[in-house]
Amino acid sequence: MNQYLDKWVGRVLMKELREGVINAPQDLLGCHIFEEEGVQIFTAYRPCAESIVLLNGRGEELGQMEPMELEGLFGYVIEKKAKRIKKYKFRVKYGDNDVVDIDDPYAYPMAISDFDCYIFGEGRNYTIYEKLGAHPEKIKGVTGTRFAVWAPDARSVSVVGSFNMWDGRLHKMMLHGGSGIFELFVPGAWEGASYKYEIISRDGEKIYKTDPYGNFAERRPDNASRICSLEGYKWGDKAYMKKRRETSPEERDRSPMNIYEVHLASWKKRVEDDDNGNYSYRELAAMLGDYVVEMGYTHVELMGIAEYPFDGSWGYQVGCYYAPTSRYGEPKDFMYFVDELHQRGIQVILDWVPAHFPRDAHCLGRFDGQALYEHPDKRRGEHPDWGTYIFDYGRKEVSNFLIANALYWIETFHIDGLRVDAVASMLYLDYGKQDGQWLPNKDGGNEHYEAVEFIRHLNTIVAKEHADAYIIAEESTAWPGVTRPAKEGGLGFSYKWNMGWMNDFLEYMKLDPYFKQFHQDQLCFSIDYYLSEKYVLVLSHDEVVHGKCSLLNKMPGLEGDKYAALRAAYGFMYGHPGKKLLFMGQEFAQKREWAEYRSLDWWLMDQDPRHRQMQDYIKALNEIYKKYDALYYNDFDIMGFEWMDCWRPETSTVAFVRRGSTAEKQLMFILNFTPVAHEKYTVKVPCGGSFREILNSDEERFGGLGRINRAALKAREADRYNYKGQMEHIHEIELYLPPLSALVLEYDYK
């Protein structure tokens, strides 16, 4: 029989098998019909094995396989006239007490089609995550896992894990043509097993990588991927999802969006626990879900859920884009978390990071020995300040990886929206770089054409496939048309964080009251451009870290004035056009800066009643926000806002109205940003009739002194000069305006 085996083996790349760099192991291993001789040949490669016996499908021994020249390679020949064997196994003996029966991984053909590979190469395979990665399967009664990975510059790829003693010789993967995709079904690879890819680079370097498409990972500091099925979770949010699908983008724009930004690990921690104090997804689902409902928020935005190596990155240096972090549990636990929030009517937004990724050796960087996911030119492919890699957006398979990932979170985990981190760093080639550190575009400019095209492609596909989901840009520059549709030359985002408002407003609030009169433009300028994009007003985590102090401690003056000023600030934010976002802890006036390694200071509310009163104030603002559509219906319409007073900078007061869908239940906001009371504050109003105070930040229940306007305020007619020096006939009201306060008045337009 050796004559056939030698002849067969001599026709293939024995040298590559010996050196461990074979990329078509199926041509040598497994079962083959040797057409020239008309025989059936079986080959198996099991280094360290003493012997291998070939079994038929019923587990009966057919014969002892012959050892070949290469140690660990065994062969068996079925002669010409013998019956062909279709199902078989190998009985491998490593020692007297170490005998195992194994199914041959090379008995299973590749499952990924040529068409899948083609459209992946074109950047249009939006469900590629169903093919690449690790997927538990049962094939003809055999349970195992199908692995597939894209590594076009690799000489060979093996899947190694706890199911094969991390031996890269045992499961060499099969290269799918010229696609760069390697695939292998591994019988017996069980769910929960850890694994990595062992990659032999063109230079002969051996590299170990986690799975770019893996949907579960070991808990840090370990970093292997883990086999995990996402099938079988029974969702309870069907009614919620039906309503979501029936809501158009236009209806969404006219709906309340009041976001609570959360870092799960530090929202609340256990007092004592062996898991770094973290609660699980399932525990947080009830705790956070109930709290958000109680407080009156409509949305939760989660920082950093995709698996990441370093806690201090807050999840913004992602290692595994398709894996919910194992810090809080398994993928189905995260499904449960989203499901529970949905059943409470709360939408879930994920922070998503397609701008850059870390250099950690097990992650995406130089994945197959060459720059693959990152741009090969360091002037395009690296962030010098952040120490991270930049995606090569012009490479279609990389663009496909990211766009499919966005859809994956929406489709697999029912995520309502994605907030895209650091968009400015994607748009500008010179972002965070000095001269000589960046490469201009083909026209000599700093616009990153490939990133712009990627963003437009992303937003177009998400809008087409999931019009009920939305994508929010964290974009800090004046790039035009961020929320304009891509077909009209914009970037196509649903909403944009209003970073300009946040920076100007916080700088204004930090000023000594005396100097505020010289900076009225910082307070009012945002209204000049509020219709230029679909904005979300944010007071985010970035403003309460790295020495910036908490929002409470940004406020000037004595401690009592700080609380009053913060209440006034929140009042202005809720009245200003645009959707809302507030970072966790600020709703109860957290004193310390936020830190990812410790819990919020919930104990403050038992120590000082002013913190619980601030929480009650935010709850009241949330209640008004949802009750009165004047605060959201016309966020992106000129009808939604009108100044009544912003031309008396010496008083540091402003007044404006917000209009909703009807002439009834419109709202007027009056704000005083100095510690000086105005006992007879006279201000223009939009019409005659009565104005009723429905909220005053100086109410005793909010920690104020109770200086409120109890009686309805009757508008009177008057003639006076406006800020342009022109005489006008107006309606006005007179009221008591407490120091450092926000007043909300309800009226019907007549």
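Q: In which order do the eight strands of the closed barrel run?
A: In this predicted model, the eight strands form a closed barrel with parallel pairing. Neighbouring strands of this sheet are turned by 25 degrees against each other on average, direction ignored. The order of the barrel is β17-β18-β21-β24-β25-β26-β27-β28.

Q: Which residue of β25 is the bridge partner of V420?
A: Strand β24 covers residues 417-420 and strand β25 covers residues 470-473. The two pair in the parallel sense over four bridges. Within β25, the bridge partner of V420 is A473.

Q: Which strands stand at the edges of the open sheet of four strands?
A: The open sheet has the order β1-β2-β6-β5, and its pairing is antiparallel. An edge strand here has a single partner strand, so one side of it is left without a neighbour in the sheet. The strands in this position are β1 (30-34) and β5 (66-67).

Q: How far from the sulfur of C320 is the nearest cysteine sulfur, that of C363?
A: A disulfide requires sulfur atoms within 2.5 Å, and by this rule the count comes to zero disulfides. C320 is in no disulfide, and C363 is likewise in no disulfide. C320 is buried, with a relative accessible area of 5%, and C363 is buried at 2%.

Q: Why does the salt bridge between K579 and D635 tie together parts apart in sequence, and by how many residues?
A: The closest N and O atoms of K579 and D635 are 3.0 Å apart, and both residues are buried. K579 lies in strand β28 (residues 579-583), whereas D635 lies in the loop between α19 (609-627) and β29 (641-645). The pair therefore ties together parts whose separation in sequence is 56 residues.

Q: Which strand holds R658, which forms a salt bridge with D635?
A: The side chains of R658 and D635 meet in a salt bridge at 3.1 Å, N to O, and both residues are buried. Because D635 lies in the loop between α19 and β29, the pair ties together parts that are 23 residues apart in sequence. R658 itself lies in strand β30 (residues 653-658).

Q: Which residues are linked with R419 in a network of salt bridges?
A: By the cut-off of 4 Å between nitrogen and carboxyl oxygen, the count comes to 46 salt bridges. Some of these residues are linked in a network. Together with R419, the network links E301, D351, D421 and E474.

Q: What is the accessible area of the nonpolar surface patch that includes F515?
A: F515 has its place in helix α14 (residues 513-516). Its relative accessible area is 43%, so F515 is partly exposed. Y514, F515 and F518 form the patch, and their accessible area together is about 360 Å².

Q: Where is P221, whose peptide bond from R220 is cis, found?
A: Most peptide bonds are trans. The bond from R220 to P221 is cis, with omega near 15 degrees. P221 is found in the loop between β15 (206-209) and β16 (225-226).

Q: Is M165, a residue with a positive phi, buried or exposed?
A: Most residues other than glycine have a negative phi. M165 is not a glycine, yet has a positive phi of about 60 degrees. M165 is found in the loop between β11 (156-161) and β12 (174-176). At 63% relative accessibility, M165 counts as exposed.

How values were computed
Residues are numbered from 1 along each chain as its sequence is written. This is a predicted model: local features need pLDDT of at least 70, side-chain atom pairs count only at pLDDT 80 or more; totals for chains, interfaces and linings use all residues. Side-chain values use heavy atoms; hydrogens and water are left out. Two strands pair if DSSP finds at least two bridges between them. Axes are lines fitted to C-alpha atoms, for helices over the stretch in contact, and angles run from 0 to 180 degrees between N-to-C directions. Patches are made of residues with over 30% relative accessible area and no salt bridge: like charges are joined within 9 Å, nonpolar side chains (Val, Leu, Ile, Met, Phe, Trp, Tyr) within 5 Å. Accessible areas come from the Shrake-Rupley method with a 1.4 Å probe; for residues, only the protein chains shown count as cover. Buried means under 20% relative accessible area, exposed over 50%, partly exposed in between (1.4 Å probe, protein chains only).
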